[in-house]
Amino acid sequence: MPSATINKHRPSELLSRLASDEPELKVRALRELKNQIIGNPTKKLSFLKLGAVPAVAGILADSIDEVTDNNNCNGNTSNILVQSAAALGSFACGFDAGVQAVLDAGAFPNLLRLLANPNEKVIDAGARALRMIYQSKLAPKYDFLQQKNMDFLISLLNSEKENVSGLGASIITRSCETCLEQKALFDAGILRKLSGLLEGGSLSQRDASLESLATIFRNNPEVISKFAGPEIGRPLSSIIDLAKDRYPRTRLLACMCLIVIRNASPHFLQDIGIKTKIIHILLELLDDPGQVGDEAPFAFSSLIAQKEDLQKLALEANAIDKLHHHLKKGSLHPRRYKGILLALADMCSKLESCRSKFLSLQVLNLVADALTDHNAGVRTAACVCLKSVTRSIKNLSAGYFMNEIIVIPLVQLFLDPSTSVQVAALGAVSNIMVDFTTRKSIFVQCGGMKQLVQLAKSMESAVRSNALWALKNLVFQADNRLKEGVFSELTASLLSSLISDPEPSVQEQALALVRNLVDGCINLIELVFAEDGYILGAIGRQLQCASKAEIGIQGMYALCNVASGNEFHKEAVIQQLFTQMGDKNQSFVIKFLQSNDSQLRTATVWTIVNLTCPSSPGAPGRLEKLRNAGIISQIKNMVNDPCVDVKLRVRTVLGQSMAFGDN
């Protein structure tokens, strides 16, 4: 009857049949469960909620114990072991929640025990399920510095069974994380075994070997040199050959392996023909409709990132056109969508020619659409892409980004629930603000400035830092009205607390914001004296304990701008230079003048220039204080400073001091 048929396939009814005492019924139930969940995340989640994984893990454990107790593995028991392992592997395949459930149910050690079973089908089922687990980053890691783990790995790789040796390679991919482990694997002869699988293994073994080799090579030139040398044979040539293999996944993995080699050891694979071939292969793989096509843009990004020569080759190979073509298709898998946007970001990170191509194809409109995508990773990637393209002052000046289509969605992302999206949006806005001098009203009118101030109070230091960065660029060379509006929203007390923030990156950006705020007329300098001079005091305290040169640079330029004001302003600055110094403490000014950072030396000398300007009535008194603190003596030692800017400012200070009779 129809009702009976429907009943039979209900998840709850299927789970009840797993508890059957009849081995054949149990096997059929396990097989049916496996078939229902294969490739169906929704079904997997449904069965997870019903507790299917612990039930199957229990069946596996009971069957293994039965084999151990009776020292016998009959047909029914073997079938149960095979089907329960297969069901657990299906739950784990491409589904992290399933992997976690399998691990939480304690099935992992029992799956390992299957590798010692006398039945080859059982061994294969166990190895296959474990390989599914090792597709995930949640898989248990092995410490290869422990000999027992290395011995276990070698036993797997020595196996003639495809899934067992493939499991060994997969374990390397998920477990090898340090240079010491990479070296230990090489010393144990693992690379030779993997090379053997490359040349004589099955498709599955080749792919697993390529992944594990890339893991062992990552950021380790020493291991790469040994691998490419005569000791092992011609494995590098084998990888190059596999980049031209008939199977798309093999081509992708071979290219990824070659990219890891080149990124760690640039003197390998210098041949322009090989580099061009890899670019073309990866661009062709974008056409693959499955996972290979999803991963290809990430491999492409890792190849060209920060490398102008490869970006030029990619431009010549019409990479931007092809990436644009795929973006126009629409309905992309989120992983692929994100990857293409990041690939475009890397393409436009350095070369003006790439940015011009990007804009000429009107890719910008498609990136703007991605800002409102439902997937957080895609939104983040779109922001990163915009940040990359907006590095061009030429294009900023042309007004390509100064419109509601770009600015409004970016401002809306300031309220995104994802911190990564917020930070990426702030990064893009920061770049746009650099030359946003004529239309900053668009940003202010859509609430951007007020939201930046709110984000400066965020609990996340990355958000605070990037919000301040954007505010710093917003007020850069802005008119007085805008600067005063920003300061009014921020308040002196908030800005002071941000200067004293526990995070150095926040301190730096807060000081840089003050530097830009007070750059201008006397009225703007007065801002740092609001609320009893909280801001100026905070600057002085932070300079005394600056943890890195960048903080000192921004703080000294802030003081330098204040010192360009009237007598009251100059006296306030000289007081900050010495207020924090006790009788036994050396002034931070001396430390800054002796710094290895030329920018910090320049900023410090500039401040002294402004404090000792001969037209200022109080200059002789300030000069005397500087001389008594040993600062003028230190400046005299800097007349031959290797930095031209420092040398010029030093001569200015010494010339001004001579005007007051100092020799």
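Leucine 495 sits in helix H33, which covers residues 492–499; helices here are DSSP runs of H or I with at least four residues, strands are runs of E with at least two, and both are numbered from the N terminus. This is a predicted model, where local features need pLDDT of at least 70, side-chain atom pairs count only at pLDDT 80 or more, and totals for chains, interfaces and linings use all residues. Residues are numbered from 1 along each chain as its sequence is written, and side-chain values use heavy atoms, with hydrogens and water left out.

With a relative accessible area of 1%, leucine 495 is buried (buried means under 20% relative accessible area, exposed over 50%, partly exposed in between, with a 1.4 Å probe and protein chains only). Setting aside residues up to four places away in sequence, leucine 495 touches Phe487, Leu490, Ala510, Leu513, Val514, Leu517 and Ile535, a contact being heavy atoms within 4.5 Å. Alanine 462 is 33 residues from leucine 495 along the chain, and their C-alpha atoms are separated by 17 Å.

## The chain as a whole

What does the secondary structure come to? The protein chain has 43 helices and 0 strands. Its C-alpha atoms fill a box of roughly 105 × 65 × 55 Å along the principal axes. Of the 663 residues, 54% are buried. Looking at contacts with a separation of 6 or more, 69% are between residues 24 or more positions apart.

## The nonpolar core

In soluble globular proteins, nonpolar side chains tend to be buried together. Here the largest nonpolar core has 233 residues; such a core is a set of buried Ala, Val, Leu, Ile, Met, Phe, Trp, Tyr and Cys residues joined through side-chain atoms within 4.5 Å. Helix H17 gives the most to this core, with 10 residues.

Phe217, Ile239 and Phe300 have the most contacts inside the core. Leaving aside neighbours within four places in sequence, phenylalanine 300 is in contact with Ile279, Leu282, Leu283, Ala314, Ala319, Leu323, Ala343 and Met347.

## The largest pocket

The largest pocket holds about 1900 Å³ of space. Of the 45 residues that line it, Gln135, Arg174, Glu211, Arg249 and Gln291 are the closest to its centre. For the grid details, points lie on a 1 Å grid over the protein atoms alone; a cavity is a set of points where a 1.4 Å probe fits but cannot get out, a pocket is an open set with protein on both sides within 12 Å along at least five of seven lines, and lining residues have an atom within 4 Å of a point. Points are joined across faces, edges and corners, and a volume is the space filled by probe spheres set on them.

Helices that each supply at least two lining residues include H7 (96–104), H9 (120–133), H11 (162–175), H14 (203–217), H17 (248–264) and H19 (291–304). H17 provides the largest share, 9 residues. By class, the pocket lining has 17 nonpolar, 14 polar and 14 charged residues (Ala, Val, Leu, Ile, Met, Phe, Trp, Tyr, Cys and Pro count as nonpolar, Asp, Glu, Lys and Arg as charged, and the others, Gly among them, as polar).

## The cavity

How many cavities of 30 Å³ or more does the structure hold? There is 1, and about 40 Å³ of space lies in the largest cavity. Its lining is made of Leu258, Ile259, Arg262, Leu269, Lys275, Ile278 and Leu303, which divide into 5 nonpolar, no polar and 2 charged residues. H17 and helix H18 (272–285) each supply at least two of the lining residues, with H17 giving the most, 3 residues.

Serine 212 belongs to helix H14 and counts as buried because its relative accessible area is 0%. Not counting residues up to four places away in sequence, serine 212 touches Ala169, Ile172, Thr173 and Leu194. Serine 175 is 37 residues from serine 212 in sequence and 9.7 Å from it in space, C-alpha to C-alpha.

Glutamate 32, in helix H3 (residues 23–37), is buried too, at 14% relative accessibility. Its side chain makes a polar contact with the side chain of arginine 17 at 2.8 Å (a pair of N or O atoms within 3.5 Å; within protein, one must be able to donate a hydrogen and the other to accept it, and residues adjacent in sequence count only if both atoms are side-chain atoms).

## Serine 331, in the loop between helix H21 (319–329) and helix H22 (334–347), has a positive phi near 50 degrees and is exposed at 82%. Glutamine 362 has a positive phi of about 60 degrees and is exposed at 54%.
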